[in-house]
Amino acid sequence: MKKKKNVENDIENMQEDIQENTNANNKRNRLLIAFGVTLMFIISWYYLFNESSKKEKQYNQYIEYAHYYEKKELYKKANIYYSAAKEMNNSLDLQCEIANMYYSWGKYYAYEDMIEEIITNYKYSNKGYDLLLKYYYDDGNYSSCMSLINTAKSRKVTSDYLTKVENELKYKFEYTYSSYPEVDDFFNNMCRVQDEDGKYGIVYSDGTMMLSCVYMQLSPFIDSESTPMTVDGTKYWFIDKTGEAVDVAELPEGTKIEEIGTYSEGLLPVKMNGKYCYTNTSFKKQFGDYEEAYAFNNGKAMVKDESGYYLIDNKGKKCSKKVYKEIKTDELGYASRSGIYAVKTDDKFYLIDNNEKKIGSDEYDDARLMSSDEYMAVKKDDKWGFVDSKGKVVIKPQYVDASSFSNGLAAVNIDGKWGYIDKSGKVVIEQQFDGAKNFSTGGSAFVLVEDKWQMIKLYR
């Protein structure tokens with residue numbers, strides 16, 4: 001029995017020894033595996049580092065050779081090394097270097113291609129835009145400059161250089177091919193013009209024709225999709241913006257239309273047989289028998305009879321609190337387009353709102369109607385200046401002549417020549433024209449050069 005007990009103890013001790021040896025072997029094996037993995041990592045890292053170092057050395061050598069030959073103006077050789085470096089690392093900075101090399105080489109087509117590649121690959125970096133902008137600017141290609149700046153802005157890309165050039169080009173302009181003996185002011189980027197034969201047409205602010213100059217009488221497009229016209233004075237139509245007729249006048253026999261005004265708010269001032277009235281689009285008389293009549297605005301229009309000038313509503317009812325000795329109108333046929341009238345009861349003009357309440361306390365020798373809610377040109381003590389919609393002086397009288405502001409600019413006459421100022425009074429387009437009209441929202445204006453009105457367009 002005792003012998004059996006000893007055998008069991010020996011077996012148990014043997015198992016413990018085996019387990020200890022197994023644990024030790026496992027630990028040793030794990031250490032060997034970890035060591036092996038680490039050794040493999042070190043070898044791989046060394047290999048990669050060594051290869052990377054070799055590539056970097058090779059890359060730097062290509063760049064060094066490229067710079068060497070570029071400095072000597074051996075651009076063909078420089079291009080070989082730049083191209084080799086580009087194959088290894090086509091970075092933004094390298095592409096910019098290559099582009100500059102093409103520029104120095106005189107390979108402008110390749111320069112433009114490289115810049116386009118930069119902008120395509122790195123469209124949110126300013127570097128490509130700056131390079132191409134400088135190229136356009138130095139070449140005087142201001143239109144492309146502004147197009148590129150607008151592309152960059154649309155992608156929220158900015159730089160000091162982009163901002164600098166944009167500010168420099170803000171008021172630079174080019175002459176377009178549009179030229180006419182007579183023109184009106186722009187309204188909604190459209191302008192009524194006359195050709196050498198006195199026929200009317202309408203052009204857009206980009207200079208393209210909306211309606212050719214074939215009309216004997218033609219009202220400007222203001223607040224509707226149609227406007228009245230006549231080709232020969234015998235028949236009157238309303239036409240749309242393509243020139244197609246949408247309505248025709250059925251005039252009573254013996255009725256003669258002498259003049260048509262500006263169609264607005266559904267009513268058209270028309271001079272028939274020596275008197276003005278208001279008609280609808282079929283030229284059917286609605287009301288009126290006046291010496292003068294102007295376009296409706298804000299439900300009211302200014303008319304004149306033997307008593308003077310006064311306001312009427314759209315039913316023809318007199319709604320004026322006063323009768324005025326004189327009023328100011330614009331060339332589009334309005335006595336007000338911004339809710340402000342310039343009127344005279346005695347010897348001076350003053351401003352009133354649509355309810356005939358006086359605006360400010362000043363009185364003026366002359367005034368130009370506002371085309372929008374901007375600054376209004378007024379004349380005082382033989383000089384022209386500007387007031388705001390409350391009648392407060394914002395630019396003191398100092399000009400020979402002036403027009404009211406439109407789209408941030410106003411035409412002013414200094415020493416006999418016309419140019420443009422901004423709202424701070426700074427001259428932004430030098431005095432060089434014989435006359436000047438207002439700017440459209442599209443950045444176009446007609447200026448008088450000798451005896452022709454020539455359209456200019458801001459590059460912006």
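Close-up 1. Glu363 and Lys358 form a salt bridge whose closest N and O atoms are 3.8 Å apart, a salt bridge being a side-chain nitrogen of Lys or Arg within 4 Å of a carboxyl oxygen of Asp or Glu.

**Close-up 2. The salt bridge between Lys127 and Asp93.** The closest N and O atoms of Lys127 and Asp93 are 2.6 Å apart in this salt bridge. Because Lys127 lies in helix H5 (residues 126-138) and Asp93 in helix H3 (residues 92-105), the pair ties together parts that are 34 residues apart in sequence; helices (H or I, at least four residues) and strands (E, at least two) are DSSP runs, numbered from the N terminus. Lys127 is partly exposed at 36% relative accessibility, and Asp93 is partly exposed at 46%.

**Close-up 3. The salt bridge between Lys153 and Glu166.** Here the closest N and O atoms, from Lys153 and Glu166, are 2.8 Å apart. The pair links distant parts of the chain, with Lys153 in helix H6 (residues 142-154) and Glu166 in helix H7 (residues 160-169), 13 residues apart. Lys153 has a relative accessible area of 45% and is partly exposed, as is Glu166 with 22%.

**Close-up 4. The open sheet of strands S10, S11, S12 and S13.** The four strands follow the order S10-S11-S12-S13 with antiparallel pairing, two strands being paired if DSSP finds at least two bridges between them. Strand S10 (257-260) and strand S13 (285-290) stand at the edges, each with a single partner strand, so one side of each is left without a neighbour in the sheet. Within the sheet, strand S11 (residues 268-272) and strand S12 (residues 275-279) run antiparallel and are joined by five bridges, and Val270 stands opposite Cys277 in S12.

**Notes to the views.** Residues are numbered from 1 along each chain as its sequence is written, and side-chain values use heavy atoms, with hydrogens and water left out. In this predicted model, local features need pLDDT of at least 70 and side-chain atom pairs count only at pLDDT 80 or more, whereas totals for chains, interfaces and linings use all residues.

Technical notes
Buried means under 20% relative accessible area, exposed over 50%, partly exposed in between (1.4 Å probe, protein chains only).
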